[in-house]
2 protein chains.
Amino acid sequence: MERPPGPWKLTDKGRATRARIVRHSAELIHTHGLRATNNEFIRNAAGISGSQLTHYFPTKESLVLAVIDWQADDILEFHRSERFKAFDSVEAFQDWADFYILSGRRFEDGCSLGSLASEIVKTDLDIHDELARVFKQWHDIFREGLERMQQLGRINASADPAQLAHMFLAAYQGGMLLAQIARDISPLQHSLYAAVDHLRTFVTTPDDSVSP
Amino acid sequence: MERPPGPWKLTDKGRATRARIVRHSAELIHTHGLRATNNEFIRNAAGISGSQLTHYFPTKESLVLAVIDWQADDILEFHRSERFKAFDSVEAFQDWADFYILSGRRFEDGCSLGSLASEIVKTDLDIHDELARVFKQWHDIFREGLERMQQLGRINASADPAQLAHMFLAAYQGGMLLAQIARDISPLQHSLYAAVDHLRTFVTTPDDSVSP
């Protein structure tokens with residue numbers, strides 16, 4: 001199979017065109033769904049010709065893969081930002097939950113990556129591995145933060161970092177879907193804050209934090 | 001708008017045909033997605049004519065509403081079954097979590113209702129209210145069980161039944177999606193068991209269960 005040109009092999013102009021196609025495709029897919037987003041919509045939205053589109057993305061797989069990567073970069077970069085200090089404290093998780101509840105961010109749009117994932121798991125597009133890889137990286141950010149908290153004695157040894165990391169990710173994905181369904185932020189608020197509350201039950205007291 | 005005939009106005013044969021259309025539509029939508037399921041697929045799968053289909057379901061809304069109700073009946077009936085004793089104990093929630101993890105039920109298929117919901121929130125089909133109503137009923141089953149646990153002194157007064165009910169629902173929806181993405185049951189197992197663990201932190205000890 002001929003591989004599409006990756007962004008690193010393109011001229012500046014080519015990179016800009018490729019990025020424009022990915023951005024418009026991501027928006028169309030998020031608003032209308034993966035199946036409803038056809039080549040014609042993408043060509044019109046990005047202002048490109050059919051041959052330009054197939055030059056950069058010869059198959060639907062290659063385009064959806066680029067959309068996944070683009071959305072993943074966005075989400076992973078946000079989670080790796082200075083703000084959350086690599087999730088090494090309860091305060092960082094609280095701040096993360098507060099971001100979705102208190103910042104005025106629109107919950108109505110849901111999670112772009114989770115929403116795309118829920119469509120992809122029902123298709124036979126050959127992109128499941130890439131999707132799994134991206135969610136694993138997201139999980140790893142939480143898990144590594146929780147492991148560090150444990151090493152620093154901030155949470156006790158009974159906490160299971162891999163389990164708690166999935167708890168946070170599921171609370172976010174599930175809470176977002178429920179909030180979109182209810183058209184009300186409460187389900188997301190409840191699920192995120194319950195997850196942080198649960199993390200708090202593992203916080204060490206001065207008594208049990210003496211041994212590393 | 002002309003309303004389609006509800007199942008209660010039909011003959012036995014009419015009811016059976018209507019039920020067959022709904023069942024096949026539900027399967028098609030769950031496997032291929034809402035948008036990819038067109039009238040032709042449904043007619044072929046259910047073995048009916050176009051005029052039969054429009055007789056029972058004159059619009060896509062009316063058919064999708066019937067699919068939602070059909071799936072909701074299934075899920076709500078399961079949650080209201082004797083087995084879970086109206087969710088009035090930690091053991092009932094543990095049994096519920098175990099059902100998804102230990103019974104050998106296929107997590108790969110995801111939650112039929114959650115999966116449909118994630119598509120519906122992106123469409124302009126006028127069925128959001130019905131979807132919200134069904135998820136509220138599901139939430140109510142958990143919430144009422146938790147309220148009863150609190151009244152019975154099984155969990156303490158600091159527990160928030162509405163919050164914990166959303167925690168369970170989000171853990172299930174989010175965990176299912178993550179398990180489908182990972183093609184591994186661990187995320188679902190982790191999120192459901194973390195939710196039950198969190199409920200356990202509210203269980204009263206003999207000391208604080210004396211006041212009702």
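Predicted model: local features only at pLDDT ≥ 70, side-chain atom pairs only at ≥ 80, totals over all residues.
1. B:Phe87 lies in the loop between α4 and α5 of chain B. Helices here are DSSP runs of H or I with at least four residues, strands are runs of E with at least two, and both are numbered from the N terminus. Phi of B:Phe87 is positive, near 50 degrees, in a residue other than glycine. B:Phe87 is also buried, at a relative accessible area of 0%; buried denotes under 20% relative accessible area, exposed over 50%, and partly exposed the range in between, with a 1.4 Å probe and protein chains only.

2. Residues are numbered from 1 along each chain as its sequence is written, chains are lettered from A and ligands numbered from 1 in the order in which they are written, and side-chain values use heavy atoms, with hydrogens and water left out.

3. A search of the whole structure gives 34 aromatic pairs over all chains. Rings of Phe, Tyr and Trp (its six-membered ring) pair if their centres lie within 6.5 Å; planes under 30 degrees apart are stacked, over 60 edge-to-face, and the rest tilted. One edge-to-face pair is A:Phe87 with A:Phe142, at 5.0 Å centre to centre and 90 degrees between the planes. A:Phe87 belongs to the loop between α4 (60-79) and α5 (90-102) of chain A and A:Phe142 to helix α7 (residues 128-151), so the pair ties together parts 55 residues apart in sequence. A:Phe87 is buried at 0% relative accessible area, and A:Phe142 is buried at 0%.

4. In chain B, B:Phe78 and B:Phe99 form a tilted pair, 4.7 Å centre to centre with 45 degrees between the planes. B:Phe78 is in helix α4 (residues 60-79) and B:Phe99 in helix α5 (residues 90-102) of chain B, so this pair ties together parts 21 residues apart in sequence. B:Phe99 counts as buried at 17% relative accessibility.

5. One aromatic cluster in chain A includes A:Phe87, A:Phe93, A:Trp96 and A:Phe142.

6. A:Arg183, found in the loop between α8 (161-182) and α9 (186-200) of chain A, has a positive phi of about 50 degrees although it is not a glycine. A:Arg183 counts as exposed, at 55% relative accessibility.

7. B:Thr205 is placed in the segment after α9 (186-200) of chain B and counts as partly exposed at 41% relative accessibility. Its C-alpha atom is separated by 9.7 Å from that of B:Gly153, 52 residues apart along the chain.

8. UniProt, in an unreviewed entry, places the feature "DNA-binding region" at residues 38-57 of chain A. UniProt positions follow the numbering used here, feature names are shortened, and annotations may be inferred rather than shown by experiment. Over residues 38-57 the chain is 75% helix and 0% strand, with the end C-alpha atoms 13 Å apart.
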